[in-house]
Amino acid sequence: MDVKAIENLNIDRVLQRGTGKIIEQRQDAFAEKLECYQVAYYHTEMAGFVGEHLEGSIGLLHVMPKFRRKGYAMALQKKLGLTQSENTIIWMWR
């Protein structure tokens, strides 16, 4: 597994996120913030990607179906400098 900054050739793949549709407005905005994205590879195949907001939170995390439950999400999060809590985390919303 290799995790590195996104390359221009993967922009369309990230924007599709498995839907097969590229949203043109998002493509321009995405291209301006390439430094905020990391991609995980299995050999030369893209296995997943993560995007980071300016304040450091994850804005987007996606692992391709055939690579799920193999540690790619954790590797992407670690690449952003995030660590796994040893305590229970409870998410609450209204």
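# A tour of side-chain contacts

Start by selecting Leu61, which sits in strand β4. The model on your screen is predicted. Leu61 is partly exposed, at 34% relative accessibility.

**Next stop: the aromatic rings**

Clear the selection and pick Tyr42 and Phe67. Their ring centres lie 5.9 Å apart. The planes meet at 45°, so this pair is tilted. Why tilted? A pair is stacked under 30 degrees and edge-to-face over 60, and the rest count as tilted.

Where do the two residues sit along the chain? Tyr42 belongs to strand β2, residues 37-42. Phe67 is in the loop between β4 (58-63) and α3 (72-79).

Colour by accessibility if you can. Is Phe67 buried or exposed? Phe67 is buried, with a relative accessible area of 5%. Tyr42 is partly exposed, at 40% relative accessibility.

Tyr72 is buried, with a relative accessible area of 6%.

Now show Tyr42, Phe67 and Tyr72 together. Ring pairs link them into a cluster. How many aromatic pairs does the count give? The count comes to 2.

**Last stop: the salt bridge**

Side chains of opposite charge can pair when their charged atoms come close. The structure holds 1 salt bridge. To find it, select Glu45 and Lys66, whose side chains meet at 3.2 Å, N to O. For a check against the cut-off, a salt bridge needs the nitrogen within 4 Å of a carboxyl oxygen.

Zoom out to see what the bridge joins. Glu45 lies in strand β3, residues 45-52. Lys66 lies in the loop between β4 and α3. The partners are 21 residues apart, and the pair links distant parts of the chain.

Finish with the accessibility of both partners. Glu45 is partly exposed, at 32% relative accessibility. Lys66 counts as exposed, at 53%.

Conventions: Residues numbered from 1 in each chain as written. Predicted model: local features only at pLDDT ≥ 70, side-chain atom pairs only at ≥ 80, totals over all residues. Heavy atoms only, no water. Phe/Tyr/Trp six-rings, centres within 6.5 Å; stacked < 30°, edge-to-face > 60°. Helix = DSSP H or I, 4+ residues; strand = E, 2+ residues; numbered from the N terminus. Buried < 20%, exposed > 50% of the residue type's maximum accessible area, 1.4 Å probe, protein only.
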